[in-house]
Amino acid sequence: MFNQLGVIGCGLMGGSFALAMKRAGLVRRVIGYSKSPSTTEQAKKLGVIDVAAESALLAVSGSDIVLIAVPVSATESTLKAIRHLVNPGVLFMDVGSTKCDVIEAARRALGERAASFVPCHPIAGKESGGVQHAEATLYEGRQVILTPQPFTNAQLVQRATDVWSALGATVLKMRPHNHDAAFAAVSHLPHLLAFAFFQAIAEQPAARDYLSLAGPGFRDFTRIAAGEPAVWRDILLTNKRDVLAQSKRFRAALDALEALIEAGDAAALEAALRPISEGRAAWSLSTPAVPPGRPTAK
C-alpha cells in the first residue's frame, strides 16, 4: 500500500486513477492539483481526492506515488515545476498518448532524476472528459503500455506494473518509437479521419438534411470526432511524423478504391473489398492491438 498518491491533473484520467486506487485499497490518502482551482475543488467534493493542493509541487510533497495526467504539451513544464521533489524511490507516471516526446521532455526537465519516471499510456478513456466523468473501473480490462528507458529504475518499473495490474489492467512494454508508430495507425489517424469526415459533411449546404438521415453507422464512425480538441491537437502535433505517414498510406488505399469506382469495374472492386471485409470481420478487441514482436507482455 502507498501512503499518499499525488495527482497532477484531476480530470477523467487522473480522477479515475485516484478512484481506482482507493477502491483497490492501495492508497491511504490522495492529494490532487489541477491548473483550474474549480476542478480541484470539484474533485474534492466528489471524493476523488482527499486534499486539494495549491500547486503541483505541493501535490508531490509527501507522496510516494505520483500520477501526471496533463496534456502531453504540458509534460515538460509540469516536470520542471516538481523537479526538486522527484526523488529516488518515489514512483512517477504519466498517462500521455504519445511517448517519444514525453520521454524527451522528462530528460530535459529532470536530468538524472528521470530514472524515477515511468512513461505509461493507459488505453482507456471516454468522449466526455472532466473529473465528473471519472470512474473507478475505467482501467479494468484495458491495456496499459509502459515504455521504460535503459536508465529507468527497474524496481519502479516493476512497481508500476504491479499497480496497473492491481487495477485490473493488462500491462505491456514497448519501445517508445514503436508505441508512437502503432498508435498513429490505430488511434491517432482514426481520430484525424473522423474530424475531417464530419467537417466535410457539416460544411455542405445540405448538411442539416444529411445529418437528419444519419444512422448507427454514421454515429459509430464519427463518435471519436467528439473528442477534446486541445487533447487531440497535442497528440497530432507531437506525433506528426507517424500520423502523416499513416495518412499517406490511407490516401493510397483510398485512391486505389476510388480508381476502381471511377473505372466502373464491379468485379475488381468486389475483389478488393472482400479481403478487407473478411479481415475486419475476423478482428475483435480481444485480438492483440499491437503488431507481434513489438511489445513484451508482463
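The largest cavity has a volume of about 40 Å³. This comes from a predicted model, and the structure holds one cavity of 30 Å³ or more.

Which residues line the largest cavity? They are I103, A106, A114, F117, P119, Q149, F151 and T152. Sorted by class, that lining has six nonpolar residues, two polar ones and no charged ones.

Let's turn to how helices pack. Two packed helices are described by the angle between their axes and the distance between the axes.

Start with helix α4, residues 75-82, and helix α5, residues 100-110. Their axes lie 9 Å apart, and the packing angle is about 30°. Angles under 35 degrees count as roughly parallel, so α4 is roughly parallel to α5. The crossing of this pair is right-handed.

On the α4 side, T75, E76, L79 and K80 take part, and they meet V102, A105, A106, R108, A109 and L110 in α5. By class, this contact has six nonpolar, one polar and three charged residues.

## Helices α7 and α11

Next come helix α7, which covers residues 176-202, and helix α11, which covers residues 240-263. Here the axes are 8 Å apart and the helices pack at an angle of about 60°. That angle makes α7 oblique to α11. The crossing of α7 and α11 is right-handed.

Who makes the contact? From α7 come H177, D180, A181, A184, A185, H188, L189, L192 and L193, while α11 brings D242, V243, Q246, S247 and F250. The contact of α7 with α11 has eight nonpolar residues, together with four polar and two charged ones.

## Helices α11 and α12

Helix α11 also packs with helix α12, residues 266-282. How close do the axes of α11 and α12 come, and at what angle do they cross? They come within 8 Å and cross at roughly 155°. Because angles over 145 degrees count as roughly antiparallel, α11 is roughly antiparallel to α12. The crossing of α11 and α12 is left-handed.

In this contact, L257, L260 and I261 of α11 meet A268, L269, A272 and L273 of α12. What classes do these residues belong to? The contact of α11 with α12 divides into seven nonpolar, no polar and no charged residues.

How values were computed: Residues are numbered from 1 along each chain as its sequence is written. This is a predicted model: local features need pLDDT of at least 70, side-chain atom pairs count only at pLDDT 80 or more; totals for chains, interfaces and linings use all residues. Side-chain values use heavy atoms; hydrogens and water are left out. Axes are lines fitted to C-alpha atoms, for helices over the stretch in contact, and angles run from 0 to 180 degrees between N-to-C directions. Helices (H or I, at least four residues) and strands (E, at least two) are DSSP runs, numbered from the N terminus. Angles under 35 degrees count as roughly parallel, over 145 as roughly antiparallel, 65 to 115 as roughly perpendicular and the rest as oblique. A crossing is left-handed if the near helix is turned anticlockwise from the far one by less than a right angle, and right-handed if clockwise. Contact means heavy atoms within 4.5 Å. Ala, Val, Leu, Ile, Met, Phe, Trp, Tyr, Cys and Pro count as nonpolar, Asp, Glu, Lys and Arg as charged, and the others, Gly among them, as polar. On a 1 Å grid over the protein atoms alone, a cavity is a set of points where a 1.4 Å probe fits but cannot get out, and a pocket is an open set with protein on both sides within 12 Å along at least five of seven lines; lining residues have an atom within 4 Å of a point. Grid points are joined across faces, edges and corners, and a volume is the space filled by probe spheres set on the points.
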